[in-house]
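Have a look at the model below, then go through the points in order.

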Amino acid sequence: MNCLTKCLYWFEKQWLVLTIAFFLFPVCIFHPITAEPPEIFLPFPETWKETNPNVDEFNTAPSSANIQTKPKESSTVSNQNGNNIQTPTNSGVVPSNSKDQVSINTSLPTSGPIQEPKVQDKKKKKKEVIDPSKASFQKGKAYLSRDQKKSAEQEFADSYNKEGDSAKYSRTENTNLFGLDGKDKESSGLVEKQEDPDLKIKTQFELARSLDRIGNPDSEEKAYKEYLKLVTEFPKHPELTPRAHYAMAILLIRKKEFRSAAHQLVNVIKNFKESEEFLPAHYYLGKIYESSWDERDLERSLKYYQLYLNGIDGKNPKPGYDFRKETRERLRVLGSSI
């Protein structure tokens, strides 16, 4: 009984030590067998700043950004204890001791902000080409609007001497001005220099019209020749050819050459039915057959006047082509006289 009491007394004193030993004993036995070192992963790029405070704040990728890994589904790396650790290569994780799958570019620094090469995706703007003849052309038009013809001629000449896009329009303007001054040779030379076919016929018409506007017999004869040149060299121009025929007819009526004038008007009626001169040609044929000449025919004159009035009804003719008032008067007079 004394022995048992002594044992209980000893355990009472040593209970704390025995309790600690009881709980530590399994740990000490099983730890060397089951414990493994934790897997070591490099941080993902988006968490790099949080896990590595030594990296510059502007660097959003680790210093191993220059490390190039071979494309494999996974790579097997052995840790220090010989255990295999599977690390997927497509997750941005690179094992620290995989030599055969990693190539490091040492030509670039591994610290500091990574600068990506600039991509030049914007096309260079084309430099605006300045027309050297444009300024003089605009000056000439400004002088012409103030009826300063001599200054306008000088500016237009300066324009087409510089040979730009506006030079061709300057030639057309000076062709008109030279024609009004009776300089038909200079005007004809400008017409020949026009390379654009459409502008050439327009320049030709301006020359003929300017000579016609002078109003003397000599200039009218020159104008007739220029009109004739236009209708023979450009017989099918939808705008200027009928205008040239029409202008020739008016010129010939002034000269009382009624047969030739009627021939030009009939050409307009037959070949240019869509032109603005189509209906006015009827009016002038009415005037021709009402005039005193060998083929005077009042009934035919009445017919052409009526055709003009019927055709113009409901339309708004442009200035210079509106003969409704005169036609009604001639119809009234001719109707009572026949």
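Predicted model: local features only at pLDDT ≥ 70, side-chain atom pairs only at ≥ 80, totals over all residues.

**Notes on the model**

1. Residues are numbered from 1 along each chain as its sequence is written, and side-chain values use heavy atoms, with hydrogens and water left out.

2. The protein has 14 helices and four strands (DSSP runs numbered from the N terminus: helices are H or I with at least four residues, strands E with at least two). Of its 338 residues, 34% are buried (buried is under 20% relative accessible area, exposed over 50%, partly exposed in between, with a 1.4 Å probe and protein chains only).

3. Now the rings: there are 14 aromatic pairs in the structure. Rings of Phe, Tyr and Trp (its six-membered ring) pair if their centres lie within 6.5 Å; planes under 30 degrees apart are stacked, over 60 edge-to-face, and the rest tilted. Tyr246 and Tyr284 make an edge-to-face pair, 5.7 Å centre to centre with 75° between the planes. This pair links distant parts of the chain, with Tyr246 in helix α10 (residues 240-254) and Tyr284 in helix α12 (residues 278-290), 38 residues apart. Both Tyr246 and Tyr284 are buried.

4. Why does the pair of Tyr283 and Tyr305 count as tilted? Their planes are at 50°, with the ring centres 5.8 Å apart, so the pair gets that label. Tyr283 sits in helix α12 and Tyr305 in helix α13 (residues 298-312), so the pair ties together parts 22 residues apart in sequence. Tyr283 and Tyr305 are both buried.

5. These tyrosines belong together: Tyr246, Tyr283, Tyr284, Tyr305, Tyr308, Tyr321 and Phe323 form one aromatic cluster.

6. One to look at by eye is Glu153, in helix α5 (residues 149-161). Glu153 is buried but has no salt bridge, and the nearest side chain of opposite charge, Lys183, is 4.1 Å away. A salt bridge needs a side-chain nitrogen of Lys or Arg within 4 Å of a carboxyl oxygen of Asp or Glu. Leaving out residues up to four places away in sequence, Glu153 touches Asn174, Leu177, Phe178, Asp181 and Lys183.

Definitions and conventions. Lys, Arg positive; Asp, Glu negative; His and termini not counted. Contact = heavy atoms within 4.5 Å.
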